[in-house]
Amino acid sequence: MNDDLKKMEQVRINAIFWSFGAVTLGVLIAIINLFVSNSGLFMSGLIIMITGLVIGSKKTQYYRRKFKEVFIRDLFKKEFNENVYINWDGMDLLEIEDAFVIPVGNSNRSDDEIIFDYKGVKIRRSDVLTEKVVNTGKTRSTVRLFKGQYMIFSFPKEIKGFTVIKDNEWLDSKPGGILSGAPDTERVKMESVEFNEQFAVFSNDPQEAFYLLTPQLMEILLDFRKTYGVEVYFGFVRNEFHVAINSDENLFEPALLKPVTKVSVDIYNNDIARMKRIVEQLELIKEEN
């Protein structure tokens, strides 16, 4: 384990101590109070428990922010020659909602936006969570719509219309959901049977959809879906190519109870490699025209 990993592991252990150790100690002291009358231990235990919760929360936030700054920021800057801008607060949610590529609800969050260039292509990536919260009287329910990685690439072709590709489902609805304000679209059947079985294409300009979805790009999207094995969304919006992976994880949010190891850091190298492959495939598309 190198020095950076060792230091980060110490920060993680410190956060665990305050998050769990101090709280556990406070609970134990409060329990002892049940067997020792008039000892005043209950109040002491309560104070220790609350203090542990407050400090533990701050230590955990510090660990996660430090982890991102030490590993993720440096990793991206090393890969892309310092030409990296990072916004830990995430993408503008209105931009994601107005793209109508993924389903969104009334409770949406984004964090860890990273902006950089690779081979002349501008890339933005962020972790995104969209949920629908329903309040019915005294009950409250939350339905998760999307949790994963959202990426936006500048596209090598001009895009005038609006086209979204998503997993083919029995009950297909318009992009963004039935009640969304997405542009009116129609279902477009492509010439590839395999592609039509895997994906549903919606576009307000079917002719442009055929122009954009070349046989080569359809193969690329099929391979992408097979590689990651989870629900994916693709969108051609405002001269940009949107890619969303419903991975059910916040990739850049380190788990507090998971030790910091080289393996955990390698996950981020895989994320970078994934984005590089997409750019290289887009470059092939550019060359064929």
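## Overall make-up

The protein's secondary structure comprises 7 helices and 9 strands. Both are DSSP runs, numbered from the N terminus: helices are H or I with at least four residues, strands are E with at least two. This is a predicted model, in which local features need pLDDT of at least 70 and side-chain atom pairs count only at pLDDT 80 or more, while totals for chains, interfaces and linings use all residues. Residues are numbered from 1 along each chain as its sequence is written, and side-chain values use heavy atoms, with hydrogens and water left out.

Of the 289 residues, 44% are buried. Buried means under 20% relative accessible area, exposed over 50%, and partly exposed in between (1.4 Å probe, protein chains only). The protein exposes about 15400 Å², with carbon and sulfur atoms supplying 54% of that area. Accessible areas come from the Shrake-Rupley method with a 1.4 Å probe; for residues, only the protein chains shown count as cover. Contact means heavy atoms within 4.5 Å. Among contacts between residues at least 6 apart in sequence, 66% join residues at least 24 apart.

Strand S2 (residues 107-118) pairs with strand S3 (residues 121-136) in the antiparallel sense, over 10 bridges. Pairing requires at least two DSSP bridges between the strands. Serine 107 has glutamate 131 in S3 as its bridge partner. The S2-S3 hairpin leaves 2 residues between the strands, and lysine 119 takes a positive phi near 55°.

S3 also runs antiparallel to strand S4 (residues 139-154), joined by 14 bridges. Here serine 126 stands opposite tyrosine 150 in S4. This hairpin, too, has 2 residues between its strands. Glycine 137 in the turn has a positive phi of about 70°.

## Nonpolar cores

In soluble globular proteins, nonpolar side chains tend to be buried together. A nonpolar core is a set of buried Ala, Val, Leu, Ile, Met, Phe, Trp, Tyr and Cys residues joined through side-chain atoms within 4.5 Å. The largest one has 52 residues. Those with the most contacts inside it are Phe76, Phe153, Phe195, Leu213, Phe234, Phe236 and Phe241. Apart from it lies another core of 16 residues, including Ala99, Val101, Val164 and Tyr233.

Beyond its neighbours within four places in sequence, phenylalanine 241 is in contact with residues including Met151, Ile152, Phe155, Leu221, Ile278 and Leu282.

## Salt bridges

A salt bridge is a side-chain nitrogen of Lys or Arg within 4 Å of a carboxyl oxygen of Asp or Glu. The count comes to 12. Arginine 124 and glutamate 95 form one of them (2.6 Å, N to O). Arginine 124 lies in S3 and glutamate 95 in helix H3 (residues 93-99), so the pair ties together parts 29 residues apart in sequence. Arginine 124 is buried, at 11% relative accessibility.

Arginine 225 and aspartate 167 form another salt bridge, with closest N and O atoms 2.9 Å apart. This pair ties helix H6 (residues 215-228) to strand S5, parts that are 58 residues apart in sequence. Both partners are buried: arginine 225 at 16%, aspartate 167 at 10%. Glutamate 194 pairs with lysine 226 at 2.8 Å. Glutamate 194 is partly exposed at 36%, whereas lysine 226 is exposed at 54%. Arg125, Asp127, Asp271 and Arg274 are linked in a salt-bridge network.
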